[in-house]
Amino acid sequence: MDVVLYTRRGCRLCEAAEDLVAVLCPAVRLVEVSGDAALEARYGDRVPVLAVEGRVVAEGRFDEAAVAAALITGRG
């Protein structure tokens, strides 16, 4: 399953999301949006953003139960 967490350094919500997702899905791939114009345009104000199999399943403040369900089913 492809799980990507889009984050930004210094973002408290991103740090909390990283901690949560790392426990639920150790294989998560972290992607820093800062410095990449395309990623900044797409996710800049929305980080953290969690995508499972290319579909956004959570952004901003994550609901732990919803994230866990999305990771279990592989869908948002």
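**Exercise 1. Find the aromatic pair and say which elements it links.**

Step 1. Count. The predicted model holds 1 aromatic pair. Rings of Phe, Tyr and Trp (its six-membered ring) pair if their centres lie within 6.5 Å.

Step 2. Classify. Tyr6 and Tyr43 are stacked, at 4.1 Å centre to centre and 20 degrees between the planes. Planes under 30 degrees apart count as stacked, over 60 as edge-to-face, and the rest as tilted.

Step 3. Tyr6 sits in strand E1 and Tyr43 in helix H2 (residues 37-43), 37 residues apart. Helices (H or I, at least four residues) and strands (E, at least two) are DSSP runs numbered from the N terminus.

Step 4. Check burial. Both Tyr6 and Tyr43 are buried. Buried means under 20% relative accessible area, exposed over 50%, partly exposed in between (1.4 Å probe, protein chains only).

Two notes on method. Residues are numbered from 1 along each chain as its sequence is written, and side-chain values use heavy atoms, without hydrogens and water. As this is a predicted model, local features need pLDDT of at least 70 and side-chain atom pairs count only at pLDDT 80 or more, while totals for chains, interfaces and linings use all residues.

**Exercise 2. Trace how E3 pairs with E1 and E4.**

Step 1. Take E1. E1 and E3 run antiparallel, joined by 4 bridges. Two strands pair if DSSP finds at least two bridges between them. Val4 stands opposite Ala51 in E3.

Step 2. Take E4 (residues 55-59). E3 and E4 are also antiparallel, over 4 bridges. Val49 has Glu59 in E4 as its bridge partner.

Step 3. Inspect the turn. E3 and E4 form a hairpin with 2 residues between them. In the turn, Glu53 has a positive phi of about 55 degrees.

Step 4. Sort the side chains of E3. Val49 and Ala51 point one way, Leu50 and Val52 the other. All four are buried.

**Exercise 3. Which residues of the largest nonpolar core touch the most other members?**

Step 1. Define the set. A nonpolar core is a set of buried Ala, Val, Leu, Ile, Met, Phe, Trp, Tyr and Cys residues joined through side-chain atoms within 4.5 Å.

Step 2. Name the residues. Of 13 members, Val3, Leu5, Val21, Leu50, Phe62, Val67 and Leu71 touch the most others.

Step 3. Assign the elements. E1 (3-7), H1 (12-24), E3 (49-52) and H3 (64-73) each supply at least two residues. H1 gives the largest share, 3 residues.

Step 4. Look for another core. A second, separate one has 11 residues, including Cys14, Val31, Val33 and Tyr43.

**Exercise 4. Which residues of H3 are buried, and where do they lie around the axis?**

Step 1. List them. Val67, Ala70 and Leu71 are buried in H3.

Step 2. The three cover only 95 degrees, which puts them on the same side of H3.

Step 3. Turn to the other side. There, Ala65 and Ile72 are exposed.

Step 4. Find the cover. It includes E1, H1, E3 and E4. Beyond neighbours within four places in sequence, Leu71 is in contact (heavy atoms within 4.5 Å) with Met1, Val3, Leu24, Cys25 and Val52.

Step 5. Follow the chain onward. Gly74 comes after H3, and its phi is positive, near 80 degrees.

Conventions: Arc of directions from axis to C-beta.
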